[in-house]
Amino acid sequence: MSSHGTLYNQTPESPSPVATWKGSVSTQRSESYKRNLFLQSLYKEEQKQKIGKDNRNADLPDDIGDKDIVESLENDVQFWTDFSKAHYHPQSLYEINGLWMDVEGFDNYGMGKDVFSESFRGEEMTERLRFFIEECDHVQGIQCVVDDSGGFSSVAVDFLQNIADEFTNAPVLLYTVRDPGSSMSSRSRKRNISRDLHDAVSFAKLSPFCKLIVPVGLPSLGGSKFSTNLHVNDKKPFHSSSIYAAALHTLSLPFRMDMLAPTATSGSSLGALDINSIAQMLSGHLRQNMVAILDATPAPAIGEPAQEQLLSKLQSLTPETSEKMEDVHSVETLVIHGALKSGEQRASLSEVQHAISAAYEQASLRPRFCHLSAVTCPLPIPLPFPSIFSENVGRCGQLLSNPNPTSSSKGPLDVHSIPMAARLRSSSAVLPFLSSRLENLRKFGIQYGAIGGELMNSWGFGKEELEDMGETLSNMVRTLDPYSDVTSDSD
């Protein structure tokens with residue numbers, strides 16, 4: 001099988017797949033991808049454990065060094081499976097078969113419109129989720145990470161609708177993610193309009209099926225302030241995905257902490273929350289804003305005088321946000337992961353609490369409410385992690401005052417762990433993101449004689465459904481800016 005459909009391997013000895021066909025038959029073959037050195041090393045280790053040390057495999061090098069593996073990862077990674085070493089449950093993965101297109105062709109909302117409903121795909125996908133939910137003693141919520149840059153967005157809409165119908169009490173925290181390449185503009189105006197309409201439709205259709213939605217993915221991560229001490233190549237998803245994965249991992253720490261009694265204390269973690277609590281905290285205060293901003297940074301040391309930098313170092317990983325907007329009603333939840341006091345010395349939880357309180361007191365604009373979660377353990381940097389650290393980064397993630405000059409970036413052989421900070425923020429700074437989608441939907445899809453009207457029809461949307469999507473986006477804008485000149489499409 002391939003992304004283009006079933007391949008028949010025709011040979012003179014094998015019968016034709018359709019006996020009555022008298023025409024010519026073409027054979028298509030795709031070469032299997034060769035394992036890179038990292039996967040070869042995992043396979044070799046697994047074979048040693050199964051068969052014993054005397055096992056020899058002619059296809060595998062006898063001695064695979066860590067430096068060779070790091071170099072192979074930097075040069076040979078094409079897919080996420082090239083650097084994944086997790087063992088997946090048979091129910092964890094679902095492959096969509098029968099689509100006669102490649103990933104590049106599956107690039108807009110309309111392409112995935114009927115994928116979920118065709119055949120038994122929808123039931124098969126839901127059955128996989130149902131299997132894991134039934135294994136749980138208690139479901140605190142569901143985290144969904146969706147690539148909303150193409151046809152998988154509409155697949156996700158149908159899947160999330162099924163979740164909402166079947167698991168009504170399970171709150172959904174949705175991350176809509178995309179890689180830097182998906183934000184590149186085209187020379188074709190028609191293609192750019194299609195991209196703008198896709199972004200608007202995708203966000204408007206996904207948002208009703210979650211309690212909190214977090215857009216993630218900058219047009220250029222390598223050129224952002226986040227990468228001050230990093231060397232991130234935007235052309236390598238292997239690089240950018242590691243940053244976003246580290247941020248999402250940090251944000252999920254409160255969900256995985258043990259819930260302690262009110263009077264109980266822990267020396268390794270504080271601020272445990274479940275998914276519903278975070279969603280209510282960010283979207284349930286004075287205004288019902290369900291769109292959150294993700295900020296993150298490799299955490300600076302909390303010792304003086306660096307504690308003032310804790311908040312200013314946080315950089316938005318949500319696109320199209322404005323930091324010039326002051327919002328006195330903003331609400332935040334902050335997670336600190338393995339903070340350093342000085343050098344390689346870890347800070348205690350009480351020291352972290354004190355530093356964060358001092359940082360907020362010194363801030364020119366404070367949020368209306370902030371919740372802090374913290375753990376003493378840092379973010380580990382395992383072998384498959386990309387080599388993206390600058391020469392300024394030390395073994396434990398500390399910034400070196402006198403680094404040794406080097407021509408290459410540091411990787412997991414040089415940096416063993418780093419401190420991380422990540423924040424979810426409900427703020428009017430996300431207004432540009434929402435306003436651009438509303439404006440594009442109205443200009444290219446809803447207005448009379450809109451240039452994208454025919455495209456919307458081909459995606460299966462009529463005038464009434466487009467106006468409903470416009471109403472959804474309008475409500476989001478008005479929630480954050482009640483005095484805006486945005487009017488309802490029905491008006």
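Reader: Which residues of helix H11 are buried?
Author: Buried means under 20% relative accessible area, exposed means over 50%, and partly exposed lies in between (1.4 Å probe, protein chains only). Helices (H or I, at least four residues) and strands (E, at least two) are DSSP runs, numbered from the N terminus. By these rules, the buried residues of H11 are Leu-431, Phe-433, Leu-434, Ser-436, Arg-437, Leu-438, Asn-440, Leu-441, Arg-442, Phe-444, Gly-445 and Ile-446.

Reader: What kind of model is this, and how many residues of H11 are buried?
Author: The model is predicted: local features need pLDDT of at least 70, side-chain atom pairs count only at pLDDT 80 or more, and totals for chains, interfaces and linings use all residues. Residues are numbered from 1 along each chain as its sequence is written, and side-chain values use heavy atoms, with hydrogens and water left out. H11 spans residues 431-446 and is mostly covered. The buried count is 12 of its 16 residues.

Reader: Which elements do the buried residues of H11 pack against?
Author: A contact here means heavy atoms within 4.5 Å. The partners include a strand, E3 (212-216). The helices are H5 (189-206), H12 (453-458) and H13 (463-480).

Reader: How many aromatic pairs are there?
Author: Rings of Phe, Tyr and Trp (its six-membered ring) pair if their centres lie within 6.5 Å. Planes under 30 degrees apart count as stacked, over 60 as edge-to-face and the rest as tilted. The count is nine.

Reader: What is the angle between the planes of Trp-80 and Tyr-88?
Author: Their rings are edge-to-face, 5.8 Å centre to centre. Trp-80 is partly exposed at 46%, and Tyr-88 is partly exposed at 42%. The angle between the planes is 85°.

Reader: How is the pair of Phe-203 and Phe-433 arranged, and how many residues apart are they?
Author: This pair is edge-to-face, 5.1 Å centre to centre, with 75° between the planes. Phe-203 lies in H5 and Phe-433 in H11, and the pair links distant parts of the chain. Phe-203 is buried at 1% relative accessibility, and Phe-433 is buried at 3%.

Reader: Which charged residue sits over the ring of Phe-433?
Author: A charge sits over a ring if NZ of Lys or CZ of Arg is within 6 Å of the ring centre and within 35 degrees of the ring normal. Arg-35 lies over the face of Tyr-43 at 4.3 Å from the ring centre. Over Phe-433, at 3.7 Å from its centre, sits the charged end of Arg-437.

Reader: Is Ser-119 buried or exposed?
Author: Ser-119 is in the loop between helix H2 (66-76) and helix H3 (121-134). Its phi is positive, about 55°, although Ser-119 is not a glycine. At 64% relative accessibility, Ser-119 counts as exposed.

Reader: What is the relative accessible area of Glu-320?
Author: Glu-320 sits in the loop between strand E6 (315-316) and strand E7 (331-337). Phi is positive here too, about 60°, and Glu-320 is not a glycine. Glu-320 is partly exposed, at 39%.

Reader: What share of the chain is buried?
Author: The chain has 13 helices and 13 strands. Among contacts between residues at least 6 apart in sequence, 74% join residues at least 24 apart. Of the 491 residues, the buried share is 45%.
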